[in-house]
Amino acid sequence: MHSSPFFIIALIAYGLSSLLYLTQNRWGTSAAIAGVIIQTIGLVIRTVEAHHLPFANLYESILFFSLSIVFLWLIVGKRYKIRIVSASALLIGFIVLLLGLFLPSGYKSSTPLMPALQSHWLEFHVATCFLGYAAFALAFGISVVYLFLKEDTAILEEITYKSITIGFIFLTIGIISGAVWAKYAWGRCWSWDPKETWALITWLIYALYFHLRTIGWRKKKSAWIAIIGFLAVIFTYLGVTFLLPGLHSYM
Amino acid sequence: MAICVLGQRLFMAMSGHQIQLATLPMKKYSTDILVCDFSFVPQMILITDRNVCATIRGNIQKEMRMKSFLGSKKLAIALLIILSLACIIGSIKDSEAYYHSFWFVGILVLLSLNILVCFLNSRRRIGSYLVHLGILVILSGGVMGSLMGFEEGVNLREGEIASLLHSNLKIKLHNFTIERYPDSSMPKDYKSRLTIIEDGKEVKTKTIEVNHPLIYKGVWFYQSSYGQDGVESVNLNVNGLDWTGRLGESFRIPKTSLVVKPVQFLFDFTLDGGKAYSKSEEADNPAVKLDVYDGERLKFSQWVFLKFPDYHQREEGIKFRLTGFTAIPYSGIQVVKDPGLVVFWIGCCLFLAGIVSSFFVTVHGLQLSVHGYKKNKIVNCEPTTVNGYHSLE
């Protein structure tokens with residue numbers, strides 16, 4: 001596949017960026033931006049090769065997921081200039097992309113779209129869900145750093161809160177767009193299949209995050225909810241696909 | 001001693017006077033009246049003026065009504081946790097009936113009541129109102145659909161007309177086409193040209209495909225699946241001689257008195273306890289059963305397999321081969337009526353509007369939060385500085 005080299009280079013860029021961020025902001029950001037551009041080029045090539053946008057199988061979704069993580073960080077989080085947090089955000093992007101590249105080659109081949117996926121809802125629904133996941137991934141990274149740091153840095157709590165708000169909005173739009181699409185494709189907005197149910201569970205956990213804050217569960221306590229929420233994201237994304245397959249499994 | 005916050009104004013009351021300390025620069029301010037007991041917050045001042053006291057007490061009582069169990073935040077949180085756990089169990093059980101069970105629905109009902117009571121008792125920001133109202137409307141839409149709607153699946157062959165169980169409408173399938181990708185058996189597209197018949201008249205015709213249903217009077221007709229459940233004809237080769245015909249049609253083998261009749265066809269032949277059946281509708285192991293007659297007498301029966309031509313040849317001197325077949329496809333149509341659909345969408349829009357508007361509302365200033373109270377005295381509170389949070393609370 002002609003797109004593969006681009007993803008490997010992007011991987012190296014993200015890894016480098018994460019390391020560079022430990023020492024200074026400028027080179028870390030440059031490496032991250034370079035990685036994003038190169039990975040985007042790779043995805044464009046993949047789109048041309050596969051004759052559809054890269055949202056149809058596990059490999060393509062991991063590529064988009066890792067790109068979203070770094071991209072969102074550059075847009076929302078970089079301005080805070082907290083090096084340890086930037087480093088962890090890039091590290092998460094690096095690990096996700098690494099997992100994608102480690103998939104057996106059988107997963108990486110592109111297959112033509114089956115009729116159910118031949119719809120513009122595909123891009124919209126999958127992209128919004130993964131942008132949500134990406135924001136939650138960032139919140140997870142920041143919360144982990146927050147729990148390890150000895151001081152109560154209020155700014156970390158604030159970035160986490162913002163990330164989760166962004167993620168919650170995207171996930172809500174993702175779930176609703178999924179319901180709209182399901183109505184047009186299969187006749188029902190909601191079928192309680194494992195993927196839908198787990199997306200709802202993830203959504204409920206982040207709703208809990210907001211509600212717990214109103215009864216005083218803030219600072220480090222809410223960081224734990226951010227972490228639990230991301231574990232739910234992982235299960236919704238990968239656990240359901242491999243352990244509870246159904247109509248929604250696209251490997 | 002007390003510092004009292006009423007609306008946006010921070011009061012300090014002392015010796016019969018109330019002095020307004022500051023007007024807090026808050027745009028949308030949701031928390032109500034908070035009066036703190038000086039034993040917990042040392043800089044507080046007692047309110048001794050009776051009128052001020054009465055006003056404050058009245059407002060505190062309003063605040064306390066909100067803390068009733070049904071409208072409490074703690075119940076909301078407990079229900080969110082219970083609902084999450086219930087969904088986790090449901091996902092492993094993977095049975096849809098579970099989500100319609102009495103107790104799962106009960107959780108949703110409790111949650112709705114909780115939202116409703118919380119809603120009626122407290123002042124909130126507009127975003128918060130919309131978000132919670134949206135949830136109630138979504139749930140209502142779901143209930144309407146469950147109670148007043150229907151769902152039905154129909155399989156039709158070309159030319160067939162089918163009646164529905166839940167509706168007086170009938171469907172006619174004019175033609176059904178499947179287009180496959182060139183190098184695989186995966187379908188690229190499958191479409192049905194359908195006509196809806198109402199009271200004997202053809203009222204609407206459309207070609208439907210996946211993602212593009214036909215809608216008539218609130219009933220949605222979907223191209224949901226397809227399959228093959230029969231063969232129009234089979235192609236046989238007997239001792240080098242080709243023959244094509246239907247099941248039940250017989251032909252004589254030339255220069256013999258033998259007559260061959262294909263009687264049964266299976267797409268995916270499987271043997272289970274001596275009984276042959278088709279494991280699936282995919283042509284993974286096509287097989288035809290041939291009855292061979294000598295004159296009027298049935299001499300023997302034999303299964304012939306397309307993919308295993310040399311398997312189980314019984315009679316020496318005669319080689320039977322299954323070389324092909326023409327399948328009869330059927331189109332799987334899903335028929336759905338969902339009266340709650342519009343309500344559901346309205347709920348989604350409300351919810352989204354609420355979330356997005358909350359995102360743009362910033363909160364600044366001083367907020368005193370009440371965490372515990374006894375009768376008319378607030379016993380535990382905490383002043384927190386809220387700055388720039390896009391608050392969904």
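Are A:Trp192 and B:Phe104 buried or exposed? Both A:Trp192 and B:Phe104 are buried. The notes below refer to a predicted model.

1. Aromatic pairs. Over all chains, a search of the whole structure gives 37 aromatic pairs. In one of them, the ring centres of A:Phe65 and A:Tyr237 are 5.7 Å apart and the planes stand at 90 degrees, so the pair is edge-to-face. A:Phe65 belongs to helix α3 (residues 58–77) of chain A and A:Tyr237 to helix α9 (residues 219–243) of chain A, so the contact ties together parts 172 residues apart in sequence. A:Phe65 and A:Tyr237 are buried.

2. A ring pair between chains. The ring centres of A:Trp192 and B:Phe104 lie 5.4 Å apart with their planes at 90 degrees, so this pair is edge-to-face. The pair crosses between chains: A:Trp192 is in the loop between α7 (154–185) and α8 (194–214) of chain A, and B:Phe104 is in helix α4 (residues 102–121) of chain B.

3. Ring cluster. A:Tyr161, A:Phe168, A:Trp203, A:Tyr209, A:Phe210 and B:Phe351 are linked by ring pairs into a cluster.

4. Charges over rings. A:Lys183 lies over the face of B:Trp220, 5.0 Å from the ring centre. The charged end of A:Lys220 sits over the ring of A:Tyr146, at 5.3 Å from its centre.

5. Salt bridge between chains. There are ten salt bridges over all chains. One of them joins A:Arg188 and B:Glu96, with the closest N and O atoms 3.0 Å apart. A:Arg188 lies in the loop between α7 and α8 of chain A and B:Glu96 in helix α3 (residues 96–99) of chain B, so the bridge joins two chains. A:Arg188 is partly exposed at 23% relative accessibility, and B:Glu96 is partly exposed at 29%. A network of salt bridges links A:Arg188, B:Glu96 and B:Glu151.

6. Salt bridges within a chain. A:Lys162 and A:Glu158 form a salt bridge at 3.5 Å, N to O; both lie in helix α7 of chain A, four residues apart, about one turn of the helix. B:Asp310 and B:Arg321 form a salt bridge at 3.8 Å, N to O. B:Asp310 is in the loop between β18 (297–305) and β19 (320–337) of chain B and B:Arg321 in strand β19 of chain B, so the bridge ties together parts eleven residues apart in sequence.

7. Nonpolar patch. B:Val105, B:Val109, B:Leu110, B:Leu113, B:Leu116 and B:Leu120 make a nonpolar surface patch of about 490 Å². B:Leu110, in helix α4 of chain B, is partly exposed, with a relative accessible area of 36%.

Methods: Residues numbered from 1 in each chain as written. Chains lettered and ligands numbered in written order. Predicted model: local features only at pLDDT ≥ 70, side-chain atom pairs only at ≥ 80, totals over all residues. Heavy atoms only, no water. Phe/Tyr/Trp six-rings, centres within 6.5 Å; stacked < 30°, edge-to-face > 60°. Buried < 20%, exposed > 50% of the residue type's maximum accessible area, 1.4 Å probe, protein only. Lys NZ or Arg CZ within 6 Å of the ring centre and 35° of its normal. Patch = residues over 30% accessible without salt bridge, like charges linked within 9 Å, V, L, I, M, F, W, Y side chains within 5 Å. Areas by Shrake-Rupley, 256 points an atom, 1.4 Å probe, with all protein chains shown as cover. Salt bridge = Lys/Arg side-chain N within 4 Å of Asp/Glu carboxyl O.
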